[in-house]
Amino acid sequence: MISFNNIKVCFNPGTPMESHALCGITLRIAEGEFVTVIGSNGAGKSTLLNALTGDINLQSGTLDVDGVNITKWSTARRASVVARVFQDPMVGTCSDLSIEENLALAYRRGQVRNLSKALDTRIREEFRTYIAMLKMGLEDRLKDPIGLLSGGQRQTISLLMAVMSPMKILVLDEHTAALDPKTAHFVIELTQKIVRERGLTVLMVTHSMHQALE
């Protein structure tokens, strides 16, 4: 499914600040596997995720998904294959847009954009049904700016946004680290439910040994 082939990433090469973040990583992740990455700060965990999502370029090595070499693919092009939930709930959503507008952006992720309506009655009803599954009462607040929600509510919606469009790989970058224990537990349970139902391949970074083992 995912093949990292001797990948190397170096920041600030040729300067006094040169830092080798990934030094020849080779890793195979099978379809449907849930892989947890743990390690101290600066170990290269997020760099590994960035290499997969296309947010950084490799100095050398290749990356294959389903036997296709995606090393040169842009982040936008990879969006049809891989989706990501960030540690900071504010990163994955746009505060000034409404809940339904944020959902509309995620709904069209990885698709060719054109001049058409992002929202209509059918899509709004689909969003309403989708959000109602959270049992948080947000289905009646779709027109509210998402910036009015709590961090936990925004992170929960970020998770739903990540899996709205067809994709194969879910990347979780310490996606519960900024949440209180009760909300973190809810988000983890929701994550497990979504992953099981959709048979996703997951790469999750966490500092929690309890989460990693679970």
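Helices (H or I, at least four residues) and strands (E, at least two) are DSSP runs, numbered from the N terminus. The structure is a predicted model, in which local features need pLDDT of at least 70 and side-chain atom pairs count only at pLDDT 80 or more, whereas totals for chains, interfaces and linings use all residues. Residues are numbered from 1 along each chain as its sequence is written, and side-chain values use heavy atoms, with hydrogens and water left out.

Strand 6 gives the most to the lining of the largest pocket, with 4 residues. At least two lining residues each come from helix 2 (75-78), strand 6 (82-85), helix 3 (99-107) and helix 5 (151-162). The volume of this pocket is about 500 Å³. Of its 21 lining residues, Ala83, Arg84, Phe86, Gly92 and Arg109 are the closest to the centre. A pocket is here an open set of points on a 1 Å grid over the protein atoms alone, where a 1.4 Å probe fits, with protein on both sides within 12 Å along at least five of seven lines; lining residues have an atom within 4 Å of a point. Grid points are joined across faces, edges and corners, and the volume is the space filled by probe spheres set on the points.

Helix 1 is mostly covered, 8 of its 9 residues being buried (under 20% relative accessible area; exposed is over 50% and partly exposed in between, with a 1.4 Å probe and protein chains only). Lys45 is found in this helix, which spans residues 45-53. Although buried, Lys45 has no salt bridge, and the nearest side chain of opposite charge, Glu174, is 5.1 Å away. (Lys and Arg count as positive and Asp and Glu as negative; His and the chain ends are not counted.) A polar atom of the Lys45 side chain lies 3.1 Å from the backbone oxygen of Gly39.

The structure holds 9 salt bridges, each defined as a side-chain nitrogen of Lys or Arg within 4 Å of a carboxyl oxygen of Asp or Glu. One of them joins the side chains of Lys168 and Asp66 (2.7 Å, N to O). This pair links distant parts of the chain, 102 residues apart. Another joins Asp140 and Arg128 at 2.9 Å, N to O. Asp140 lies in the loop between helix 4 and helix 5 and Arg128 in helix 4, so the pair ties together parts 12 residues apart in sequence. Asp140 is exposed, with a relative accessible area of 56%, whereas Arg128 is partly exposed at 34%.

How values were computed. Polar contact = N/O pair within 3.5 Å; in protein donor to acceptor, adjacent residues only side chain to side chain.
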